[in-house]
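Here are my notes on the model, point by point. Please read them with the structure open.

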Amino acid sequence: MRNLYGWRFAATVALPLLLASLGVTWLTFDLIGRVSTGANVADRQRTSEIVKSALGAAQNQLASMVADNSYWDDGVRQAYGPLNPDWLEETWGASTESGSNYDAFFIVDRAHPTSMAGYRKGSSFNPVLTDYFHGKLDSLLDLLPTGIATHDSKASIFNTREGLAIAAAAPILPTSDDLKIPGTTPRYLVFVRFLTPEYVQSIGEQYVIDGLKVEATASGADGEAVKATTGASIASVSWNDRRPGDAAGSKVKRNALLILSFLAIVMAGIALICWRLISTISAREDAARREALRDSLTGLPNRAGLWAEIEKLPRPGGDVLAVAFADLDGFKEVNDTYDHETGDRLIRAVAAGLSHLVGDTGTLCRLGGDEFVIVIHGHDAQSRACLLAKQAIEFLDQSFDLDGRMASVGASIGIAVASNGEIDSNELMRRADVAMYQAKSTGKNRYCQYAPEIDRQRNEDSVIADELRQILAAGALDVAYQPIVDSKTRAIVAVEALARWPSTSSKRVSPDKFVAIAEQQGLIDALGEAILAKACSDASQWPGVRLSANISPVQLRNPNFVQRTLQIIADSGIGIGRVELEITEGSLVTDFDAAKRMFIELRLAGLHIALDDFGTGFSSIGYLRQFNFDRIKIDRSLVNCLLSGSAEQHIVQGAMLMASGLSATVTAEGVEREDQIDILRMNGCDELQGFFFFKPMPAQHISNLLSEPAALQAIQVA
Ligand code: C2E
Ligand code: CA
Ligand code: CA
């Protein structure tokens, strides 16, 4: 789960923050880089201009110096006449020694390959000029005005045989008009100043250019090109860039780093807060999700939790998934008898017991109310589910002590199985539910495994239920009456009304079946009332004969039952004392108090109550005594045993004793043979009912029978 928070945190907070931080950092440093590079470039351009001016100024200085020295009458006299070495040395040669203004001078006549006169570093020096200047001096002289009319000077940088140098030249011309030079072409005065490192450095210092260097291009130095008069680049000039942008940049970078670090701390703080928030929110979501899958009363998975559990299970080939669906029998009664708190306590006790039983062999869930589901997985899931169902029923067989209040419940359990994922979870649950209903309808407190037959049966039942609904709406249900005779005189003393599926229907449905369906489908009240109304109406023609009507235990759940029953009898006009209601033990066990209360009311109104099918239930005589039955009807299964041996006879005798112990009159049902009659009579049976005397018959036949004298009825029977 922490992993999940991590991803969520990374996706929503950490990654965006990291990307934003990286982006801001990159943008900041990129901007600083651009600004400082811009400053560096601008500074270099400015310095480059200064360097150009510095070199230009050095050349101009030499040019103006050569101009001053060449535009001079005395110079003309010396340069064009016979050359006087002393004068030359004194005038220009001596200066070459110190080299403070120029390092060499030449008097050049373009017609002469060597200089006419020259000094270098204080000594006479007359090189072959094309050699010395690598043939380039002419290009400088060509820049000067031709002829002798105007005076000018020019300077340029040369690659001389002795290295890079500035050379400046000017025609040697007189200032006085009366002094003429011989010929039409002038001689030139040329000053040379070597660009020695010291001289270059002094220029640099003058112009505040650090590390200024001028080197011949051939030496491979890189820097800015220095052009000769020919336009060719002969040297390159370089210097130490001040790079002011770098300094400013690194200063800004330092501050930016400080700000970014602060930003990083703030972001880390935000991230931490977000992490806490996300963890808390995610943990709350997890808890809510878990809570949504959990039943709050028992802590077990609820319906949603059950689906989640089933979906989680792997179902590869050959694997089996079994579901046991348990519904408590009698839980509603506990809830109604005590209070909901006690009901909750019971549910918790049941959940604890079932959890213990299931252990880690499966998953126990509570669907709500009194419904539990056990999910089991594995190749032997089916047999384990059956075993667990058996154990659960045994466990629930005990009474629960809920803070001094005793409660008994049972369970009806349906089991369904899916192999190889052949059916989906919905269908699996439906089948378990169907099987559970089968367990309930076949007697409760048992488990039942799903079979397609159950579905088929249910479909058939629902078709019958539909038709029954129509029959009831049309008032078309038939009633048959089975006479009950006095055991001594054998005269008809009563008739039992028995519901009959209408003969007009294409189906034949036994009352056992459609009564059970009516009970399940909520039609039993309508059925019971319809039969009672019809029976009362028919019986009004049979004065002096008692009418017995069967009441389903389910009808007792209807709070209006007493009032409705009394109303129907009153409406029919027959005396209420002639009517007897037959009821089986089952209802008395499930809702003792309600049944007792209703019976008291009914008996107060004058009705009789008979206990039907006596001998098939398990209630103690003491328990039954509390209901004050007017009559006990011994079930035909006991009567049937009468001739089959002395042991069974004793059971019947015991049952009749019990009946007389309840001080009720006794009717034996299902008398089929003559020989049963004496035994029953001798044992104190008051009335007899069975095919031996009469089968159930239509009302008209009863009317016919009763119209005959009592003696004749008895003889007919005999
Ligand atoms: P029950 O109340 O025990 O009714 C007596 C049943 O025993 C009747 O079956 C009757 O035909 C049958 N019977 C009587 N004498 C003999 C005999 O000598 N041998 C044999 N083998 N059977 C005999 P029926 O009419 O099929 O009714 C079956 C059950 O359906 C009734 O058992 C009763 O529980 C229920 N039932 C019938 N009508 C009604 C009704 O109107 N309301 C309610 N709630 N249940 C009814
Ligand atoms: Ca009956
Ligand atoms: Ca009966």
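**Notes on the predicted model**

1. Helix H10 (residues 340-358) has 19 residues and spans 26 Å from first C-alpha to last. That is close to the expected 27 Å at 1.5 Å a residue (1.5 Å times one less than the number of residues). Helices are DSSP runs of H or I with at least four residues, strands runs of E with at least two, both numbered from the N terminus. Buried residues of H10 include Leu346, Ile347, Val350 and Leu354 (buried: under 20% relative accessible area, 1.4 Å probe, protein chains only). Glycine 359 follows H10, with a positive phi near 55°.

2. Conventions: this is a predicted model, where local features need pLDDT of at least 70, side-chain atom pairs count only at pLDDT 80 or more, and totals for chains, interfaces and linings use all residues. Residues are numbered from 1 along each chain as its sequence is written, chains are lettered from A and ligands numbered from 1 in written order, and side-chain values use heavy atoms, leaving out hydrogens and water.

3. Six strands form an open antiparallel sheet, ordered S3-S2-S1-S6-S5-S4 (pairing needs at least two DSSP bridges). S3 (123-124) and S4 (154-160) are the edges; each has a single partner strand, so one side of each lacks a neighbour in the sheet. Seven bridges join S5 (residues 163-171) to S6 (residues 188-194). Proline 171 stands opposite tyrosine 188 of S6.

4. Glu496 (OE), Asn550 (OD1), Glu582 (OE) and Asp612 (OD) coordinate the calcium ion (ligand 2) at 2.0 to 2.4 Å. Aspartate 612 also bridges to the calcium ion (ligand 3), 3.8 Å from ligand 2. Glutamate 496 lies in S18 (residues 492-500) and aspartate 612 in S21 (residues 608-614), 116 residues apart. Both are buried.

Notes. Buried < 20%, exposed > 50% of the residue type's maximum accessible area, 1.4 Å probe, protein only. Donors = N, O, S within 2.8 Å, 3.2 Å for Na, K, Ca; no water.
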